Amino acid sequence: MLRVQIATFSHNYFHFSDLIRSLDGVEIHAHFGYLLDQFEMECTNKRTDEYGGDLDGRLLVYKQLITGIKETCGQNFPIAIRMGLKTY
């Protein structure tokens, strides 16, 4: 996935933030091999840029999504992320 594709993916989440602003919160589905899970897992994330490497790098896309949603919906807007406990 190219950086421009990651930016587009994040932008789409931010666009939906405008739509979910009136809700009580949002849950991001990020386990069982979904795209975000693949960023998180060391066995699938072989990137050598800022989105790879150590756990902080592999979770960068999560951090960017949370920051963007909070900027759109407010700092007190609840965000849950559904992550798997164990990945094989």
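What covers the buried residues of α1 includes β1 (26-29), α2 and α4 (60-73), going by contacts, meaning heavy atoms within 4.5 Å. This is a predicted model, where local features need pLDDT of at least 70, side-chain atom pairs count only at pLDDT 80 or more, and totals for chains, interfaces and linings use all residues. Residues are numbered from 1 along each chain as its sequence is written, and side-chain values use heavy atoms, with hydrogens and water left out. Helices (H or I, at least four residues) and strands (E, at least two) are DSSP runs, numbered from the N terminus.

Let's start with the helix itself.

Which residues of α1 are buried? They are Ile 6, Ser 10, Ser 17 and Ile 20. Buried here is under 20% relative accessible area, exposed is over 50%, and partly exposed is in between (1.4 Å probe, protein chains only). Looking down the axis of α1, the buried residues fall within an arc of 75°, so they line one face of the helix; the arc is that of the directions from the helix axis to the C-beta atoms. On the face turned away from that buried side sit the exposed residues Val 4, His 11 and Leu 19.

Now for the charges. Side chains of opposite charge can pair when their charged atoms come close. A salt bridge here is a side-chain nitrogen of Lys or Arg within 4 Å of a carboxyl oxygen of Asp or Glu, and the whole structure has 5 of them. Among them are these:

| Pair | Closest N to O distance |
|---|---|
| Arg 3 and Asp 49 | 3.6 Å |
| Arg 3 and Glu 50 | 3.1 Å |

Take the Arg 3 and Asp 49 pair. Arg 3 lies in helix α1 (residues 3-20) and Asp 49 in the loop between α2 (35-40) and α3 (55-58), so the pair ties together parts that are 46 residues apart in sequence. Arg 3 also bridges to Glu 50, a residue in the loop between α2 and α3 and 47 residues from Arg 3.

How accessible are the partners? Arg 3 is partly exposed at 48% relative accessibility, and Glu 50 is partly exposed at 37%, while Asp 49 is buried at 18%. Arg 3, Arg 47, Asp 49 and Glu 50 are linked in a network of salt bridges.
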